[in-house]
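Here is a short report on a two-chain structure. Please read it alongside the sequence and coordinates.

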Amino acid sequence: MKKMTKKLSIAVLTTALAFGVSNTFTKDNVGAAIDKNRIVIAGSTALLPLTNQASKEFKKSNPKIKISVSGSSSIAGPQAVKKGSATIGAADWDATSEKVTGLPTFSDLKAYKIAVIPFAAVVSKNNPVNDLSTSELQDIYTGKITNWKQVGGPDKKINVYTRSIGSGTRVNFEKKALKGEDIKDSGSNVEKVSSSGLMKSKVAGDDYGIGYIDLAYITPSSGLKALSYNGVKATVENVKAKKYPVWGYGYLITKSNVSEANMKFIKFMQSSKFQNKSLKSLKFIPVSEMK
Amino acid sequence: MKKVIPALVVASSIITSQVIPTLHDSVSAASKVSSVNDVTAKKQISVDGLLKNIATIKHGSKVLYSLKDLSAALKITSNLNKKTNSIEYKLVSGKTKTSLQFNFKTNSTLLNNKKFNLSIVNHKGVPFAEANVFASVFGKDVVKTEKNSMLYISSTKLIQADTYETQFITGGKLLVTGDSEDTLQSYILNPITMKVEKTLPYQDLTVSNNGNNAVFVDDEGIINTIDLKTFKVTKFEKNVEPKTGLIWSFDSKKIYFIEGDKNTTISQLDLASGEFKILVADKVENKSDLVIASEAPLKFVYSVTKTATSTVDPETGETTVIDDSTAGQDLWSIDPSVATATAVQLTNTPDNKIYPTVLPSGFISYLSQNTDDENALTKLLVLNPLNNQTMTLFNGKQFHLIKKTMDGKVLLVQSFSSGDQVFELTESGLLKPIFKTNKTINTITATSTTKLAFTYGDDGEEKTAFVNNGNVLYITK
C-alpha cells in the first residue's frame, strides 16, 4: 500500500485561531440572514429540552449547519415561521390544522409530528395533595374551588398558576385535563407565567400553588410533584398504556418550501436513533409507541 | 478436532490445472457442456467464518463454483440419481424444505419442483453455478465486501434493520442496535461468523471500556447496567433525574453523566457501592459531549451550548425578535477534585465544535466548522488547555469524525468524493492510514486499529460494516 503517512510539523502546519471573533448574526438581521444552511427554531418551551438536545446531536453529522434554539410559547413558533424570523416552529399541537379557540390556524404551513408529550398538574413537593379529579381541576381553574381544604388539603388559599394564551401546554391542559373547560385567567389568586421554566420555579417555590407542565420538567430536584389524575399516576408507562389521558403530540412546523438542512433536522428528530435514545431519556415518548 | 482456519486471515485463490476428482464420474456426459475455460481453479470462500476450498471455473465473465464443494461446505445434502441422470440438493430447516434439482441430460433446473432459472454448467460431470444464487436459494446470505474477491457466506440471515449504533464488546463481538419494522432491539453479533448470539430488549447502550458491561437509562430515568457475559441487569433506582451523555471511567468501575432537564449537573455513579455523587453543580446549562481529560486528578472537558433568546410581545404572545447573536457552542473544562474549582472556558468562537477528544498528550482535539462560509473545510484543531492556544492540524483536509479506539488510539475520518479514509493520529503526530471505504462513515467503533466497525447510510436506513485488517464487509442488510 502506498504510504500516505504525513509528518505533523507543528511549525509548518499550524495556524493559531484568532479568538473573540464576533458573531455576524445580530438580532437585526436574523430574518434576512436565514440561508439554506441555517436552522432557527422558536416556539414551545415544553419541547425546548428536546429541540435543544437534538440540535447538539445533529451538529455532529452536520457541522456546516448553524442551529439556534429558543423557546417562548407554541403559538410563537408558527408565527415566527410565517414571518420568516424562524425556519422551524415548535408547537404542542398541530397549528396547521387543529382549531384552537382564540388562536389562528396556519393552514399554509406544514407540520411534522416529532414526540408525545405527557403533561401533568403539579404542586410543590411539600403540598400533601396527591390526586385531583377532572371536576376538581375544572373547579380550581375556573375559580369555583379556591381553598386546598376543598380538595383534602390544608386550609390555605390555592395560588393558581397558568400559562398565557398561545401556550401549547395550556392548550393541551384545557383540552385533555379540563375536558374543554376554559381556564379563567382573572382573579386575585391567578398568575400567568410565560414559560415552562418559569412555571417550574413558581410552583416549586409556592407550597400552596398549583400549575401544569410537561413531564420532562418534573424531576426529583425540581421541587415539583406531579398530581395523579382521577387516581392515575402521571407516568410515561400510564401514557403508553392509554390509562393517563393528559398528553399531546409535539410538532415541528415549517413553510412548505423548507430548505434541505431544515428537512434533514426534522428527519433526524423523527429517526429511530433520536426517538429511542435522547428523546426517551428526556421523558418524552417516541411517536411510534403511541400507535 | 479439526484445525480451524480463520476465514478472514487469507483471501487468495490457488490456481490448479488439474480436474477436481468427482463423485459424479459415472454420470453421462451426454448433456450439453457450455463453453468454459479448460482450467479449474480452487478458490477459498468463507462459510460462517471458516475457510473452505471450492473448485471454480470461468464461464464467460463469471466465476462459477462447484456445487459439489459448495453444498458440502454449506451442509446441503446432495443425492445423485443415475436413473434420471439428475442430482438433487436438499436442505431441511425447521418446517422448511428446499430442493434444487439439476438434470444433466436436459440441463434444466427445478426449485421445489418448479422450473427455476439458474444457470448450471456441467463441467466434466460436475455442476457449477454462481455461488451467491445457489446459497441464497437455500436461505444463506452472501456478505457484500469492498475490493475483496473472496466470497463470504453466512448460513444464517444477516441482520436486516436500521443499525444506527455499533460498539465492540468483550471477545471482539459487536453490540448492534437495530430498528426493524417489527422490533427495536440490540444484537450481540459475532462479526467473524456473522451469527447473532443474543438479542437484548434494550437500546441506547453505552459499552464500558473493558467491553464487559453496558449502561442504559430506562424510561423512568433510572440507570441500568447489563453484564454482557451473563446478561444480568442491575438497576440503580436512587436517582431518576433525566440523564444524557453517559461515559465510563477508564477502569469501568464508575459512570459519569450529565444530569437534569437543563443538562446542568455532572454526576457520578460508583457501581460497587451504588452511590451517586454530584461532581459539578455550577448552574451552567446545556452541557454535552462529556469527556474525561484525566482521572488522577479527575478532570472533564465538555461543550456548553448557548441558546438564542426570543422576545415575546406580552399582549399578543407573538415573537418579536429572535436574537441568536450569542448562540453557539464552546468547550469548557473543570477539575471537580478541587472543591473550590470553577469551570474554565477553553474556547470563545462562533464555529461549530464537534467530537472533543483528549489526546494522550493531554491536548484537546476537536473538529471546527465555520458555518458562515459554505465552502469552508472542517478544521482539525488542537487546543493546549494550559494556555488555551489552538492550532490547526493538517490544513486542507476535510476530516469529519474523531474517535478513540478501546486501546486508546485516536482515529480520524477524512472525506473524499469517493468515500472515506480512516487514519490513526499517532502520538508523534503522524497520519497513519488504516483503511478506505467507498461509504461515508456515520459512526465508528474499534478495539484497535486492526478491528473496526462503522455505520453508514442515511438516517433511518443505517447499516453496519466490519473492518478486519483493512477488509470491509457489510455485515447487516
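## Chain A overall

Chain A has ten helices and eleven strands. Helices (H or I, at least four residues) and strands (E, at least two) are DSSP runs, numbered from the N terminus. This is a predicted model: local features need pLDDT of at least 70, side-chain atom pairs count only at pLDDT 80 or more, and totals for chains, interfaces and linings use all residues. Residues are numbered from 1 along each chain as its sequence is written, while chains are lettered from A and ligands numbered from 1 in the order in which they are written.

Of the 291 residues in chain A, 51% are buried. A residue is buried if 20 or more other C-beta atoms lie within 10 Å of its own, exposed if 12 or fewer, and partly exposed in between, with C-beta atoms placed from the backbone. Take the contacts in chain A between residues at least 6 apart in sequence: 72% link residues at least 24 apart. Contact means C-beta atoms, placed from the backbone, within 7 Å.

## Domains of chain A

Chain A splits into domain 1 (35-116 + 249-290) and domain 2 (118-240). The bounds come from an automatic or database domain assignment. The domain centres, taken over C-alpha atoms, are 26 Å apart. Domain 1 of chain A gives 22 residues to the contact, and domain 2 of chain A gives 18 residues.

## The interface between the chains

Chain A brings 69 residues to the contact and chain B brings 63 residues. Several strands of chain B supply at least two residues each to its side, including S14 (162-168), S22 (243-248) and S39 (431-437). S35(B) gives the largest share, five residues.

## A hairpin in chain B

Strand S12 (residues 141-146) of chain B runs antiparallel to strand S13 (residues 151-154) of chain B, with three bridges between them. Strands pair if DSSP finds at least two bridges between them. Asp141(B) has Ser154(B) as its bridge partner. The two strands, S12(B) and S13(B), form a hairpin with four residues between them. In the turn, Lys147(B) has a positive phi of about 50°.

S12(B) also runs antiparallel to strand S43 (residues 471-474) of chain B, again through three bridges. There, Thr145(B) is bridged to Leu473(B).

## Nonpolar cores

The largest nonpolar core has 105 residues. Such a core is a set of buried Ala, Val, Leu, Ile, Met, Phe, Trp, Tyr and Cys residues joined through C-beta atoms within 7 Å. Phe128(B), Ile255(B), Ile444(B) and Ala465(B) touch the most other members. Another core, of 85 residues, lies apart from it and includes Ile117(A) and Met199(A).

Definitions and conventions
Contact = placed C-beta atoms within 7 Å.
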